[in-house]
Amino acid sequence: SSLRGGRLVSFPTETVYGLGANGLDAKAVLQIFEAKGRPLNDPCILHVAGAADALTLLDLDGLPAARQLFEKLAEAFWPGPLSIVGPARSVVPPEVTAGTGWV
């Protein structure tokens with residue numbers, strides 16, 4: 001309910017506790033930058049539960065080789081800690097990508 005309400009949350013990761021917000025809510029994401037004193041040109045990480053969720057954020061439509069690689073990596077390493085970077089879909093606010101267009 002906190003995430004849906006645009007509020008910040010604390011959560012454990014593999015190494016540290018994170019400060020997070022709904023990554024698709026630009027106002028909530030800006031609260032992370034403010035709370036941490038994070039520069040606006042430092043992109044945020046989006047955490048997802050699995051491959052299907054990641055595909056809603058990644059724009060791999062015109063990149064069949066990238067999509068194939070994504071599927072191989074997801075099958076081999078999820079569930080588990082896996083970082084994937086790729087072009088962002090328009091649903092991802094520019095505040096998250098720091099204007100890079102990558103997520």
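Predicted model: local features only at pLDDT ≥ 70, side-chain atom pairs only at ≥ 80, totals over all residues.

1. The largest pocket holds about 1,300 Å³ of space. Its lining counts 41 residues, and those nearest the centre are Phe11, Ile45, Leu46, His47 and Val48.

2. What is that lining made of, by class? There are 26 nonpolar residues in the lining of the largest pocket, along with 10 polar and five charged ones. At least two lining residues come from each of strand E1 (9-12), strand E2 (17-20), helix H1 (26-36) and helix H2 (51-55).

3. H1 deserves a look of its own. Ala28, Val29, Ile32 and Phe33 of this helix are buried. They sit on the same side of H1, because the arc they cover around the axis is only 155°.

4. What do the buried residues of H1 pack against? Their partners are E2 and helix H4 (94-97). On the other side of H1 you will find Lys27, Glu34 and Ala35, which are exposed.

5. Both ends of the helix are worth checking on screen. At the start of H1, the backbone nitrogen of Lys27 has a side-chain oxygen of Asp25 within 3.1 Å. After H1 comes Gly37, with a positive phi near 65°.

Note on methods: Residues numbered from 1 in each chain as written. Heavy atoms only, no water. 1 Å grid on protein atoms, 1.4 Å probe; cavity = no way out; pocket = protein on both sides within 12 Å on 5 of 7 lines; lining within 4 Å. Points joined across faces, edges and corners; volume = space filled by probe spheres on them. Helix = DSSP H or I, 4+ residues; strand = E, 2+ residues; numbered from the N terminus. Nonpolar A, V, L, I, M, F, W, Y, C, P; charged D, E, K, R; others polar. Buried < 20%, exposed > 50% of the residue type's maximum accessible area, 1.4 Å probe, protein only. Arc of directions from axis to C-beta. Contact = heavy atoms within 4.5 Å. Polar contact = N/O pair within 3.5 Å; in protein donor to acceptor, adjacent residues only side chain to side chain.
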